[in-house]
Amino acid sequence: MPRPEHHIIQFTIDGREVRAIEGSMLVDAAKHGDVEIPYFCYEPKLGNPVGACRMCLVEIEGIPKLQTSCSTPVKDGMVVNTQTERVRHAQNGVVEFLLVNHPLDCPVCDKGGECPLQDISFGWGLGRSRVIEPKRHFVKPLALSPLVAIDRERCILCYRCVRFSQEVSEDYQLVFADRGADTFVATHDGHPYVAPFSGNIVELCPVGALTSQPYRFRARPWEIEGAGSICTLCPSQCNVELTVRDEKVLRVLSREHDEVDDGWLCDKGRFAYQSIHADERVTAPLVREGGELREAGWERALEVAAGLAEHKGRAGALAGGQATNEEGFLLARLMREALACADIDSRAGGPMALGLTQALADPKLQAAVPDLEFAHTVLVLGCEPLDDAPILDLWIRKGVRRRGVKLAVATARPSALDASAKLVVRYPPGGEHAFLVALAAALAGDDQAAGDESNNGARALASLLTTGGEDVVIVWGERIGPAAAQMPAIAEHLRLAEREGAGLLEVPAGANGRGLREAGVLPGAGPGYAELGHDAPIGRDAAQIAAAAAAGELTALYLLETDPVRDRADRHLWNSALARASLVVAHASVLTDGIREHASVVFPAESYAEKEGTVVHPDGRVQRLRAAIGHPDQVRAGWSVLAELGRRAGHELEVPTSAAAFAQLVEAVPFYAGLTLDQLGGRGVRWPARELSSRSFPAPSATPAAEPGWVQAGAPRPEPSEAAGPKRPENGMLRLGTYRSIWAAPEVELSPALHFTIAHQQVELSPADARRLGIASGVAVEIAQNGRSLQGIAAIRTGVPDGTAFLAEGIAADSANVLTEQLVEVRKA
């Protein structure tokens, strides 16, 4: 839908003529005239103002009573006064009443020194109190959750935390209990406030009532420094400010970017900083000696890794999502130029033809994150934003709540967004291809090709997408894999390339998945999705690398911030591949199972707080990582290690600094042309929006005939078939679906504050299947397949389709990636 039009009006405040956007709140418009109006409850991110604190009262000519400036829109010709005696008296009174019961414990309060109540008391209070009665007391502090402590004596009832819970995250857990002077913030029946975004209420609180449990009493504002960077723990890539004291990160705050994160953080991004300084972190090179990894000097580690030169033409490499663009680019150069190897990959969704990759990255098809708020219709396809990119979940909820966006969810597994959706479509696990074929046919008006009544969901979805408005945004997950071949045809039918507020928004499996692909970490493409030379071999993808290594065709593997035993499908195959490889070089910050058991040498990887480099947001925004702290112990920059290995392999990469690596990357990627680190600054540059980048983007390199998986509108469409789709359940077995929880990450396991969130195997079943199998929620179950089994806890969910079981992957123990077939048996343990 069109963005709201902004009309500029002129009004007078304290005798100054000020120009502002018509309809903006007076408290914001006053800033254009360099007039500060105090407030506590107002926060634009929370939606419509409530005027609860009454601190922002002003006098407006023509209106007899004082008005709350946070809820008063400005109009042309309005005359406002903020310095009259009436206003001062009212503001003094509000401050005095707030301090009647507020404890004067600023010296021991975590908010002291950065507290709005302190500032406003000095600036707008009388400086004295007439109250001599004892103050109200509560038991304090109470654990509102394992992450948040509440001191109810300090609470000024501003509504911010309650509004966040009810109107932003929509978890509806926080409420106001009791009435009048006895009102307090509470949860239903005293249950802990456990939610993916709970930490935001600490940052929202204008006083010291809500404090971070891990940060309590750790530092004072005059002892700390703030350093801006990017969180790379998920594809949301939120802009953050790291609170640093003595070269240690003590806190993570949001650094609001209204085109990326809207000022919010998930709890993983806010509290997993503890993993940076965990005792278990790898901070020195490790070399395998006598079957065990032992600490070694850098020279010894580099000497072992330099053995890659002996495996020219027989090495493969994988890059994980936390690697920067520069690291991925240098890894690709090391493999292709120094080792003559094309077997390099960073994707998790399986093989994809180069022409399809280029078509899906076409700048004309790229939706921006704010489009989720202003689109007519949003389709969530094959992903769970809450797990895969949590901030996108909040953007979608905001669009539905504030703008009336029509939301459709088409996934195999029940989504947290189902309750907000106008249409929910379920397809069986592994059925993405058949479903998208049917959807493309329905959009083309081909009812016969759309299939039988089992595809009514595809027809209903096609109807919603074509009648719900012109601006359609499709949020789709990389893990749908080859089924994405249908996406260009779907985009063409919906004419997404013709609308500025419409398009595709891919959610990669790794934080910097898009950036690594653009840097050339692909088996069949160079930097900028460029075709490889005619004499250059097309490399193997990740699954083929595993098979080739297990068969002895590849004898060395390079793992850049990834452990395929944990992160990739077919755990047993990867264990075999790593065990047979003669040399396994890894960059890691923690020893996960695959690294611990198979790595020949481990280089300590930087945390995102220590990195210099760039990453690319899923919507194409190139963002800059800046180092907030120095490298601990013997940790070195990843790009420098790659450059040194290139030199030892006889190929000088010529990158003395991270900035030099970025310059090489910009030169190699045509649509990055002209980008500089200074241009990226603190907000980044979204390259699909640059005209120069659009002109420089390569045209799709092949036709649908040359690349069979790629389907365009009007091209012959494959028929849906049972062979192409998932197997039907038989003999009491269930279809297997997998998911990766937001908490399935080593950083969570290393952060003491987040230990209560550590993901364990949870088997999601439908109520009907649970009754048939005699399984109750919370019961221990065994999942078996072809002689392999794992343990888990049953969870009964009403949205799970009958005949299906969903299991967690990416977890430390009993991960679903040990299972490789479509059907499983679930039974009581």
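Buried means under 20% relative accessible area, exposed means over 50%, and partly exposed lies in between (1.4 Å probe, protein chains only). This is a predicted model: local features need pLDDT of at least 70, side-chain atom pairs count only at pLDDT 80 or more, and totals for chains, interfaces and linings use all residues. Residues are numbered from 1 along each chain as its sequence is written, and side-chain values use heavy atoms, with hydrogens and water left out.

**Stop 1: the domains**

Colour the protein by domain; the bounds come from an automatic or database domain assignment. Domain 1 is 8-98, domain 2 is 286-348 + 512-668 + 684-695, domain 3 is 356-507 and domain 4 is 727-828.

**Stop 2: where domain 2 meets domain 3**

Select domain 2 and domain 3. Their C-alpha centres lie 32 Å apart. Contact here means heavy atoms within 4.5 Å. In domain 2, 13 residues are in contact with 11 residues of domain 3. The two domains bury about 1100 Å² between them, 56% of it on carbon and sulfur atoms. That area is the accessible area (1.4 Å probe) that two parts lose on being put together, summed over both.

Now pick Arg517, Tyr529 and Pro618. These three supply 36% of the area that domain 2 buries against domain 3, more than any other three residues.

Stay with Arg517 and show Glu506. Their side chains meet in a salt bridge (2.9 Å, N to O). The term means a side-chain nitrogen of Lys or Arg within 4 Å of a carboxyl oxygen of Asp or Glu. Domain 2 and domain 3 have 2 salt bridges between them.

**Stop 3: helix H14**

Select residues 456-467, helix H14. Helices (H or I, at least four residues) and strands (E, at least two) are DSSP runs, numbered from the N terminus. H14 has 12 residues and reaches 16 Å from its first C-alpha to its last, close to the 16 Å expected at 1.5 Å a residue. The expected span is 1.5 Å times one less than the number of residues.

Which residues of H14 are buried? Show Ala458, Leu461, Ala462, Leu464 and Leu465. Look down the axis of H14: its buried residues fall within an arc of 165°, so they line one face of the helix. The arc is taken from the directions from the helix axis to the C-beta atoms.

Next, show what covers those residues. The cover includes strands S18 (377-381), S19 (406-411), S20 (423-426) and S21 (472-477). Helices H13 (432-443) and H15 (487-494) are also part of it. Then step to Gly469, which follows H14 and has a positive phi, near 125°.

**Stop 4: more salt bridges**

The structure holds 53 salt bridges. Select Arg648 and Glu299: their closest N and O atoms are 2.9 Å apart. Arg648 lies in helix H21 (residues 638-648) and Glu299 in helix H7 (residues 298-305), so the pair ties together parts that are 349 residues apart in sequence. Arg648 is partly exposed at 25% relative accessible area, and Glu299 is partly exposed at 49%.

Move to Glu373 and Arg403, whose side chains meet in a salt bridge (3.0 Å, N to O). Glu373 lies in helix H10 (residues 371-374) and Arg403 in helix H12 (residues 390-403), so this pair ties together parts that are 30 residues apart in sequence. Buried or exposed: which is Glu373? Glu373 counts as buried, at 4% relative accessibility. Arg403 is partly exposed, at 32%.

Go on to Arg495 and Glu498, another salt bridge (2.9 Å, N to O). Arg495 and Glu498 are both exposed.

Finish with Asp105, Lys140, Asp151, Glu153 and Arg154, which are linked in a network of salt bridges.
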